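I opened the notebook to look at pockets first, then at charged pairs. My entries follow the model below.

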Amino acid sequence: MNLPLATIPPLPPAMDAPRVQLDTQVGRINVYWSVPPDADPKAAPLLLVHSVNAAACAAEIAPLFRAYSAQRVVIAMELPGFGLSERAERLYTPRLMTDAIHAVLCAIAARHGPVAVDVLAVSLSCEFAARAAIEAPTRIARLALVSPTGLMGRKVRKAPPGSTMYKPGVHAWVRRPLWAQGLFELLTRPPVVRYFLRRTFGSHTIDESLWAYCVLAAQQAGARHAPLCFLSLAMFSTDIHSVYEAVQCPVWVSMATRGDFTDYRALQMLKTTTRWHVQRIPGGALPYFEDCPGFVARLRSFWMS
């Protein structure tokens, strides 16, 4: 069972790396920032963006951060409402999350100059990264989408720009003070977090350190606010097919073969170009936890394109 908030230990950093707290227009954003002394000067900085779920955090992208931090400048951000970023009670939307990515891109430019950045995003964050790519095309050089959302089934998602699936009535109900915290604690009990990670990995074998960190992350003060918006579908875009089609930079897509994220039928409907490179990688939705060297090797030629 979850511990009372007063007895929960503080959340440690998700990885052993220099950490920066950015004060931005969307609140405080936690960023892990590695600048290796022997980094390839020709390699663009790499920005990593974790997924969105009830216990999301940068621990989901830690293997990639470790793998790349010896080769190039690599930055891992935690979206508003997650990890060590600000967890204010507010409406979390694609606009807010996309603006957070823009804020981190601005911080990268301030430190490393006006170089275009490579971005790798996971699951729902792929939608935010794609939107950032069309809004700031000179700041994103290449976009890697790992198990992207918005591609399930054959329903066309080309609603008016900026529209979402948000259910305000559902949100009003789940966030009522009488039961909001209790409901969230039920959804993030350690066995429940394990259950959803098994569905993500498509296997009973999961990364135990990821599970333990996610459990603790979900127990922090304010941890419920963003996930309850997620449950209310506030972060899901109904114009995402138009967004994906508008991306002009090269795109690499990793499709899972196990678990809950294996339906990408909508990809066939998108009017994309040869700039899109799609690979079906054996494994679950976080394949780099299973074979990080192999995953990095698959991406090598794309980053060099």
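How does the lining of the largest pocket divide by class into nonpolar, polar and charged residues? I counted 25 nonpolar, 9 polar and 6 charged residues there. I keep in mind that this model is predicted.

**Entry: the largest pocket**

I looked up its volume. The largest pocket holds about 1,000 Å³ of space. It is lined by 40 residues, and those closest to its centre are Val-52, Asn-53, Ser-123, Phe-230 and Phe-261. H6 gives the most, with 5 residues.

**Entry: the second largest pocket**

I then moved to the second largest pocket, at about 270 Å³. Its lining has 13 residues. Nearest the centre I found Asp-40, Ala-43, Arg-72, Trp-303 and Met-304. Helix H10 (residues 292-303) gives the most to this lining, with 3 residues. By class I noted 6 nonpolar, 1 polar and 6 charged residues.

**Entry: salt bridges**

How many salt bridges does a search of the whole structure find? It finds 11. I wrote up some of them.

Arg-95 and Glu-135 meet through their side chains, at 2.8 Å from N to O. Arg-95 sits in helix H2 (residues 94-112) and Glu-135 in helix H3 (residues 125-135), so this bridge ties together parts 40 residues apart in sequence. Arg-95 is partly exposed at 37%, and Glu-135 is partly exposed at 38%.

Glu-245 pairs with Lys-158, with the closest N and O atoms 3.0 Å apart. Glu-245 belongs to helix H9 (residues 240-246), while Lys-158 is in the loop between strand S6 (140-146) and helix H4 (168-174), so the pair ties together parts 87 residues apart in sequence. Lys-158 has a relative accessible area of 39%, so I logged it as partly exposed.

Glu-290 forms a salt bridge with Arg-258, and the closest N and O atoms are 2.8 Å apart. Both partners are in loops: Glu-290 between strand S8 (276-280) and H10, Arg-258 between strand S7 (251-255) and S8. This pair links distant parts of the chain, 32 residues apart. Glu-290 is partly exposed at 38%. Arg-258 is also partly exposed, at 30%.

**Entry: a network**

Which residues are linked in a network of salt bridges? I found Arg-72, Asp-118 and Arg-142 linked this way. Arg-72 was already in my notes, among the residues nearest the centre of the second largest pocket.

Terms used:
Residues numbered from 1 in each chain as written. Predicted model: local features only at pLDDT ≥ 70, side-chain atom pairs only at ≥ 80, totals over all residues. Heavy atoms only, no water. 1 Å grid on protein atoms, 1.4 Å probe; cavity = no way out; pocket = protein on both sides within 12 Å on 5 of 7 lines; lining within 4 Å. Points joined across faces, edges and corners; volume = space filled by probe spheres on them. Helix = DSSP H or I, 4+ residues; strand = E, 2+ residues; numbered from the N terminus. Nonpolar A, V, L, I, M, F, W, Y, C, P; charged D, E, K, R; others polar. Salt bridge = Lys/Arg side-chain N within 4 Å of Asp/Glu carboxyl O. Buried < 20%, exposed > 50% of the residue type's maximum accessible area, 1.4 Å probe, protein only.
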